[in-house]
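Visitor: I'd like to go through this model with you, a piece at a time. Could you put it up first?

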Amino acid sequence: MASEVSYPLQLSSVSESHASLYEESLKHPEQFWGDLASRRLRWTKKFDQVMDCDMRTGQFKWFLGGVINVSVNCLDRHVEENADKPAFIWEKDEPGTHEVISYGQLLESTCRIANVLKREGVKKGDRVAIYMPASPLLAATMLACARIGAIHSVVFAGFSAESLMNRINDASASVVVTADEAVRGGKTIPLKSIVDEAVGGCQCVQRVLVSRRTGAHVPMTPRDLQLEQAMSEVSDSCAPEPLDSEDPLFMLYTSGSTGKPKGILHTQAGYLLYASITQQYVFDYRPGDVYACVADIGWITGHSYVVYGPLCNGATTVLFETHPTYPDPGRYWEMVQRLKVTHFYTAPTAIRMLIRKGDEWVKKYDRSSLRILGCVGEPLNKEAWKWYNTVVGEERCTIVDTYWQTETGGITIAPRPAADDSQPKPGFPSLPFFGILPQLRSENDEVITESNVQGHLCITKPWPGMARTIYGNHQNFMDVYYNPHPGVYFTGDGALRDENGLYRITGRVDDIIMSKGHRIGTAELECAMNTEPRVAETAVVGYPHEIYGEGIYAFVILKDGVVASVETIAEDLKTIVRKKIASFALPNQFLIVPGLPKTRSGKIMRRILRKIAADRHEELGDVSTLADPSVVEKIVQEHNLLK
Ligand code: WT7
């Protein structure tokens, strides 16, 4: 498609006012995105239609007819210009240490891994599960999948064997790529043995590729292959597979409000374009900057803002393997000083944790290189905003509170520091990004037009980075995202808009808890805990927590005749959660209760439990419609005893 209008979307004009570009993006989406896609991406064959999207049926296609390869866009074209340019700075767990990996080196390892995968029979469309520590090799494995058209499914290396097994099976992955061990905060995590346990329950897996991180001796079976050894046996070049714009790029599992985690599916061109343009425009990334998103690659933040977005832009991006308090709470800032980081992107929970450790850990180090301070994952409360701005940023930097989700592929609401009409407001991610048209709806699906009224946050126009489906379950995709408010995308979050049109996120309105930046499905957690033999039923809710954002509160009913202390039950339930899900999902509080507030049809009234957990007993409201209203008083009594 030939675009007649030329948009001023080059680096030099990044300061163009947000309002005018935004307006264009909504008025002429085809020209806007078409022009960007032609100019920013390298195509094997140019697309012939920009979009074909229908929010009622959930069919989304971008850049139809286009043929592209994501790894070429992230690697080859930068290598042609300067193979020595640093792609990654790998901030290793070992204090004070980092390694620089150039675009040339990254392309070479990507090609070698791609050739290993091909040799092992992986073809276009096959799924590859990745369970690795944050390392350039992990990124190269993702890019190797992209090179040959395999679909990667990265599983965060903090998930248990059982979680990993479920994800491998759901995706029916034929190959798993892992490492001997991970190392974080000086402690090792036995990744290979976790994979062994997981793969024991997976018929689909034919090969496990094991890379070296610590060099620990790990038992190998005939199914396993040492990755670096295999890489040395194959060629260092690999022709990129020509892929359709809409071929899947990756899936990433995320918790929902019901049942099992779902594999959110993203495709090639639209995702890449959206990740790259947001990385440049939201963060005002300029050539030569050192961009540090310290999220783990196992989450969408790492996919879009450690790997795909920055690499597509030819940026230098930091890969953070360690922990913010290892060896001490100065780690982030010591790194900022050593690597001359210009952009720092973290989660509010980390900021709140560091506030507690004292300002001296920050002030000890030279942070004059910093320009932009970002955060994502939960609401950034005003106190944390202020600390980030004054103590870390010395009131010199811009705070970008970015709102988005695994499903949105990239940032959807955020300030645009470079634009002259973007003024950050504490507690407000603020402005919708290009192409994003938010709408607030009431529970009854009425559009909210008033200012400062909370509603369900929806997005009414398609954007290139939007998820295409839930792997293997399009009906579920529709039920969760498009059927609640027909014709628009429903985020699952509550939000309000101020009189200037700036957005503030108020938190999830479904049964998802955002704790320490992690997304935890209550149903998944309850299902796991209900397998404890002495437990009859459980209900978990989030409650305000000073550091975690939300803490997890578990109400537990024991089976008739069981006598046990809350401490022993809590220990056993924690063991189960660690085994079935991950340690980041452990509840922070347990309470044994005689019953749960349920409607006459048997539905748990979580609203009531949330108020109790938050110590807002006076706001319980009308409980007379409950099957047994007296249970509420009993739970409140037990809760008060606990304090
Ligand atoms: C949920 C998505 C996108 C990467 C991190 C998490 C919450 C995200 C913000 C923010 C308030 C936020 C929402 C959202 N969230 N950013 N700036 N302010 N809440 O990705 O695991 O898919 O979780 O994180 O509740 O729905 P995720």
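Predicted model: local features only at pLDDT ≥ 70, side-chain atom pairs only at ≥ 80, totals over all residues.

Visitor: What does UniProt list for 524-603?

Guide: An unreviewed UniProt entry lists those residues as "domain: AMP-binding enzyme C-terminal". UniProt positions are given in the numbering used here, with feature names shortened, and annotations may be inferred rather than shown by experiment.

Visitor: And which residues does it list for "domain: Acetyl-coenzyme A synthetase N-terminal"?

Guide: The unreviewed entry gives residues 20-74 for that domain; over this stretch the chain is 45% helix and 31% strand, with its end C-alpha atoms 29 Å apart. The annotation "domain: AMP-dependent synthetase/ligase", again from an unreviewed UniProt entry, covers residues 75-468, where the chain is 32% helix and 22% strand and the end C-alpha atoms are 25 Å apart.

Visitor: Switching to the ligand: which residues come nearest?

Guide: Of the 17 residues around the ligand, the nearest are Asp-401, Thr-406, Asp-493, Arg-508 and Arg-519, where a residue is near a molecule if one of its heavy atoms lies within 4 Å of it. The shell divides into 7 nonpolar, 5 polar and 5 charged residues; here Ala, Val, Leu, Ile, Met, Phe, Trp, Tyr, Cys and Pro count as nonpolar, Asp, Glu, Lys and Arg as charged, and the others, Gly among them, as polar.

Visitor: Which side chain has an N or O atom 2.8 Å from an oxygen atom of the ligand?

Guide: That is the side chain of Gln-405. On the backbone side, a polar atom of Thr-402 is 2.8 Å from a ligand nitrogen, and a polar backbone atom of Glu-378 is 3.3 Å from a ligand nitrogen; the cut-off for a polar contact is a pair of N or O atoms within 3.5 Å.

Visitor: How much of the ligand's accessible area does the protein cover?

Guide: The protein covers 95% of the 560 Å² that the ligand has on its own, with areas from the Shrake-Rupley method and a 1.4 Å probe. The elements giving two or more residues to the shell are α10 (300-312) and β27 (503-508).

Visitor: New topic, then: how many aromatic pairs does a search of the whole structure find?

Guide: The search finds 38, and rings of Phe, Tyr and Trp (its six-membered ring) pair if their centres lie within 6.5 Å, with planes under 30 degrees apart counted as stacked, over 60 as edge-to-face and the rest as tilted. The rings of Phe-32 and Phe-434 have centres 5.4 Å apart and planes at 75°, so this pair is edge-to-face.

Visitor: Where do Phe-32 and Phe-434 lie?

Guide: Phe-32 is in helix α2 (residues 29-40) and Phe-434 in the loop between β21 (398-401) and β22 (438-441), so the pair ties together parts that are 402 residues apart in sequence.

Visitor: What about the open sheet of 3 strands: which order does it have?

Guide: The order is β1-β4-β14, with antiparallel pairing; two strands pair if DSSP finds at least two bridges between them. β1 (43-45) and β14 (243-244) each have a single partner strand, so one side of each is left without a neighbour in the sheet.

Visitor: And which peptide bond is cis?

Guide: The bond from Tyr-326 to Pro-327 is cis, with omega near 0°, and Pro-327 sits in the loop between β18 (316-320) and α11 (331-339).

How values were computed. Residues numbered from 1 in each chain as written. Heavy atoms only, no water. Polar contact = N/O pair within 3.5 Å; in protein donor to acceptor, adjacent residues only side chain to side chain. Helix = DSSP H or I, 4+ residues; strand = E, 2+ residues; numbered from the N terminus.
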